[in-house]
Amino acid sequence: YKYREFERNNIIATVCGRLTSTRLKRKLFIDFHEDKLIFDIFSLIKESKYLSKEILATSNEKNDDELAFECKKRNIDIFRGNGQNLIYRLLDIAENEKAGAILKITGDSPFAVPEIIDEMCKLYLEGDYDYVRAINLPQGVSPELFSTSYLQKIYQNMLDPLQSEYLGYFVILDENAKKACIKVNFNNQDLTKYKLSIDLNEDLNIAKDLLKKINKKKFSQITLKDIVYNLNGLKTIDPKTELKMPHNKTINYFEYVNMMNSQNYEKIIEIDID
C-alpha cells in the first residue's frame with residue numbers, strides 16, 4: 001500500500017560494495033582509471049539521463065568505515081545497512097528515497113554504461129514491468145532493474161534473505177514476474193563470452209587492457225560502442241567456468257546465460273551496434 005505513493009520514474013541506482021573481498025583484497029579501492037574502481041563507476045553512471053540519484057549501498061560494519069569516508073570526500077551519497085542481507089539494504093534505500101525502482105549495480109562491475117542504463121529505464125517506464133535487464137553483453141556490463149514492489153515480493157518469498165546476493169537467480173526461477181530486456185546485437189557475436197566484472201587479478205588485467213584499447217582520458221566518456229569494438233583479442237571465459245549460487249551450489253556460466261536469455265520476457269528491445 002505504501003509503495004503506491006512512490007513515483008515510478010524515481011529510479012535510484014545502488015552501487016553495492018564492501019571492502020571485505022577475499023580473492024582480490026580491497027578490490028573496490030584498486031587504482032583503476034581516473035580514480036579507485038568504485039569511484040570510476042560513479043563517474044560513469046552519473047551520465048545517465050534517467051537516474052534520480054546514485055547511492056553507495058554498503059554495510060554499517062567497521063570494515064567499511066574507510067569506504068564511507070572516501071565517498072563523503074567525493075560527495076557521493078551513502079547508505080549503510082545490514083552487511084549480510086543485501087535485499088534488506090536495497091529495500092531500505094527504496095523506502096527512504098520513495099523510489100519506484102532500484103537499479104542494482106555491483107561494485108566490481110565498472111562498465112555499466114549509461115546507454116544501457118537509460119534504455120533499461122525507458123523500457124521499464126513504458127511498461128508495467130517488475131524486472132528489466134540487458135542480454136548478450138559481457139559479464140558485468142548489464143545492471144538489473146527491479147520495481148520496488150517486486151523487490152519486496154522477492155524478499156517476502158525468499159526462504160533465506162542472507163542469500164540475496166544472488167537476486168538474478170531468484171528472478172530466473174520466478175515464472176510469474178513481468179520481465180523485459182534489452183538485447184544487444186553486434187556482428188552476430190556472442191558477447192557473453194567476455195568477462196568485465198572483477199573478481200581476480202586476471203580480471204583486473206583484462207579490464208585494464210580494454211581501457212588501453214579504448215584510449216579515453218575520461219572514464220565517464222566510455223560508451224557501449226567503445227566496449228564492444230574493443231573486445232576482440234581479450235581473453236574469453238573458460239567454458240568450464242562455474243558460478244556460485246545460493247546454498248553453496250554452482251552452475252556452469254554458459255548454462256546460466258542460457259537460462260537468463262530464455263526467460264519469459266514480455267518485451268525484448270533490440271539494439272543494433274554498427
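This is a predicted model: local features need pLDDT of at least 70, side-chain atom pairs count only at pLDDT 80 or more; totals for chains, interfaces and linings use all residues.
Is Thr 58 buried or exposed? Thr 58 is buried, with a relative accessible area of 0%.

- Eight strands form an open sheet in the order 3-2-1-4-6-5-7-10, and their pairing is mixed.
- The edges are held by strand 3 (77-81) and strand 10; each has a single partner strand, so one side of each is left without a neighbour in the sheet.
- On average, neighbouring strands of this sheet are turned by 25° against each other, direction ignored.
- Strand 5 and strand 7 (residues 179-185) run parallel and are joined by five bridges.
- Opposite Lys 183 in strand 7 stands Ile 135.

**Helices on the sheet**
- Helix 1 (residues 37-45) lies across strand 1 (7-16), strand 2 (51-59) and strand 4 (99-106), and runs at about 165° to strand 2.
- Helix 2 (residues 65-73) also packs on the sheet, where it touches strand 2 and strand 3; the direction of helix 2 makes about 160° with that of strand 3.

- Leu 67, Ala 68, Glu 70 and Cys 71 are the buried residues of helix 2.
- These residues cover an arc of only 165° around the axis, which puts them on the same side of helix 2.
- The cover over the buried residues of helix 2 includes helix 1, strand 2 and strand 3.
- Exposed residues Phe 69, Lys 72 and Lys 73 sit on the face of helix 2 turned away from its buried side.
- After helix 2 comes Asn 75, with a positive phi near 60°.

- Thr 58 belongs to strand 2.
- Leaving aside neighbours within four places in sequence, the contacts of Thr 58 include Gly 17, Arg 18, Asp 64, Leu 67 and Arg 89.
- Thr 58 is also in contact with Ile 78, Phe 79, Arg 80 and Gly 81.
- Phe 29 lies in the loop between strand 1 and helix 1, and is buried, with a relative accessible area of 10%.
- Not counting residues up to four places away in sequence, Phe 29 touches Leu 19, Lys 36, Ile 38, Phe 39, Glu 66, Leu 67 and Glu 70.
- Leu 19 is 10 residues from Phe 29 in sequence, and their C-alpha atoms are 8.0 Å apart.
- Leu 67 is among the contacts of Thr 58 and among those of Phe 29.

**Helix 9**
- In helix 9 (residues 253-261), the buried residues are Tyr 253, Tyr 256, Val 257 and Met 260.
- Viewed down the axis of helix 9, the buried residues fall within an arc of 100°, so they line one face of the helix.
- In general, an α-helix has 3.6 residues a turn, so residues three or four places apart point the same way.
- Elements covering the buried residues of helix 9 include strand 5 (131-135), helix 6 (167-173), strand 8 (242-244), strand 9 (250-252) and strand 10 (265-272).
- At the start of helix 9, a side-chain oxygen of Asn 252 comes to within 2.9 Å of the backbone nitrogen of Phe 254.

**Cysteines**
- The whole structure has zero disulfides.
- Cys 121 is in no disulfide, and the nearest cysteine sulfur, that of Cys 181, is 15 Å away.
- From the side of Cys 181, the closest cysteine sulfur is in Cys 121, and the distance of 15 Å is too far for a bond, the cut-off being 2.5 Å.
- Cys 121 is buried, with a relative accessible area of 0%, and Cys 181 is buried, with a relative accessible area of 0%.

Key: Residues are numbered from 1 along each chain as its sequence is written. Side-chain values use heavy atoms; hydrogens and water are left out. Buried means under 20% relative accessible area, exposed over 50%, partly exposed in between (1.4 Å probe, protein chains only). Helices (H or I, at least four residues) and strands (E, at least two) are DSSP runs, numbered from the N terminus. The arc is that of the directions from the helix axis to the C-beta atoms. Contact means heavy atoms within 4.5 Å. A polar contact is a pair of N or O atoms within 3.5 Å; within protein, one must be able to donate a hydrogen and the other to accept it, and residues adjacent in sequence count only if both atoms are side-chain atoms. Two strands pair if DSSP finds at least two bridges between them. Axes are lines fitted to C-alpha atoms, for helices over the stretch in contact, and angles run from 0 to 180 degrees between N-to-C directions.
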